[in-house]
Amino acid sequence: MSTTATRVIVTGEKSSRRSLFRKPRPEQVNRPGQRQRAVRETLSGYGFLVPWLIGFFGLTLIPMAYSLYLSFTSYNIFSPPKWIGFDNYIRMFTSDPAFIQSAQITLVYVLVGTPITLGAALAVAMLLNYRDRGAGFFRSAFYAPSLIGGSVSVAIVWRAMFASDGPVDNALSAIGIDLGGWIGNPALVPPMMILLAVWQFGATMVIFLAGLKQIPKELYEAAEMDGANAWHRFRAVTLPMLSPVIFFNLLLGLIGAFQVFTQAYIISNGTGGPAGMTNFITLYLYKRGFSDGQMGYAAAIAWVLLVVVAIIAFILFRTQRSWVHYAGDNR
């Protein structure tokens with residue numbers, strides 16, 4: 001019996017159970033060696049981060065800060081920037097009707113094209129979700145346009161299709177609808193651009209399809225047993241369970257729509273015509289900066305675009321609690 005146990009029995013001295021069954025201390029570890037190993041691992045981690053940090057500061061943060069400075073200057077690349085304060089921003093909203101028109105066209109494109117694209121992507125995803133035979137082929141077929149939709153070659157083909165005497169014009173003329181081509185008609189150019197955006201719904205469709213696969217079938221069976229028809233099941237089961245995916249696609253779709261450039265540039269030959277109907281914000285920014293040499297003014301337009309996109313993203317994140325439902329959320 002140990003000395004501690006004997007003292008407890010003879011003297012009645014209280015002792016904790018831990019003192020009676022205390023394990024021997026392990027051998028002393030080599031703490032300096034551990035510290036050196038931890039330092040080496042930390043340095044290795046920062047070493048792997050160095051390329052990313054260089055890219056972030058050198059290609060993102062510093063250029064953004066410099067462009068913010070340029071937005072308050074008059075700068076034409078060939079002469080040093082001259083500080084003019086808020087003159088670029090005042091000019092933009094008070095004495096530049098081309099910018100106002102560009103902003104209006106961009107908003108129409110975003111607010112009309114994005115919901116239509118999301119609706120088409122969700123409809124096709126739901127059709128593919130209930131189809132087993134040939135599902136892989138159809139997924140690939142619908143996804144392919146999103147891979148090449150933003151390329152120069154597709155924009156050239158799209159322009160040829162909707163030009164006067166093009167395939168679309170000839171097909172409509174055959175059924176008695178003579179529009180004389182879409183490219184030169186200011187009223188038809190925005191619908192043509194929206195159709196091109198909708199045609200590229202493949203990536204959004206794949207994300208919707210992945211979200212539909214995650215919805216438990218038991219929910220549909222329970223709703224069907226309660227007498228819910230297809231529309232009620234879609235409204236009460238599909239939309240709430242798919243709301244996080246809808247939120248994700250909506251956010252990315254809005255941001256991407258504000259950045260449309262290649263299609264507008266190719267279809268209008270860089271002019272933004274006809275009548276300025278393809279003169280989206282990004283194309284107008286490009287013309288001001290690289291065609292007219294007004295880099296300070298172009299930087300101001302870029303920062304206005306950034307602020308608008310940031311505000312829209314902020315509103316979406318603030319309002320998501322009222323319509324986005326996550327798994328395990330008790331709201």
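Predicted model: local features only at pLDDT ≥ 70, side-chain atom pairs only at ≥ 80, totals over all residues.
Trainee: How much space lies in the largest pocket?
Mentor: The largest pocket holds about 570 Å³ of space.

Trainee: Which residues lie nearest its centre?
Mentor: Of the 23 residues lining the largest pocket, Ala197, Gln200, Gly253, Gly256 and Ala257 lie nearest its centre. Helices H5 (97-129), H10 (202-213), H12 (230-258) and H13 (262-267) each supply at least two residues of that lining.

Trainee: How does that lining divide by class?
Mentor: The lining of the largest pocket has ten nonpolar residues, 13 polar and no charged.

Trainee: And what is the make-up of the lining of the second largest pocket?
Mentor: Seven nonpolar, two polar and five charged residues form the lining of the second largest pocket. About 330 Å³ of space lies in this pocket, and Lys217 and Tyr220 are among the residues nearest its centre.

Trainee: Which helix gives the most to that lining?
Mentor: H12 does, with four residues of the lining of the second largest pocket.

Trainee: Turning to the backbone, where is there a cis peptide bond?
Mentor: A cis peptide bond joins Gly273 and Pro274, with omega about 0°. Pro274 is in the loop between H13 and helix H14 (281-291).

Trainee: What is phi of Asp165?
Mentor: Phi of Asp165 is near 65°, a positive value in a residue other than glycine. Most residues other than glycine have a negative phi.

Trainee: Is Asp165 buried or exposed?
Mentor: Asp165 counts as exposed because its relative accessible area is 61%, and exposed means over 50%. Asp165 is in the loop between helix H7 (152-162) and helix H8 (167-174).

Note on methods
Residues numbered from 1 in each chain as written. Heavy atoms only, no water. 1 Å grid on protein atoms, 1.4 Å probe; cavity = no way out; pocket = protein on both sides within 12 Å on 5 of 7 lines; lining within 4 Å. Points joined across faces, edges and corners; volume = space filled by probe spheres on them. Nonpolar A, V, L, I, M, F, W, Y, C, P; charged D, E, K, R; others polar. Buried < 20%, exposed > 50% of the residue type's maximum accessible area, 1.4 Å probe, protein only.
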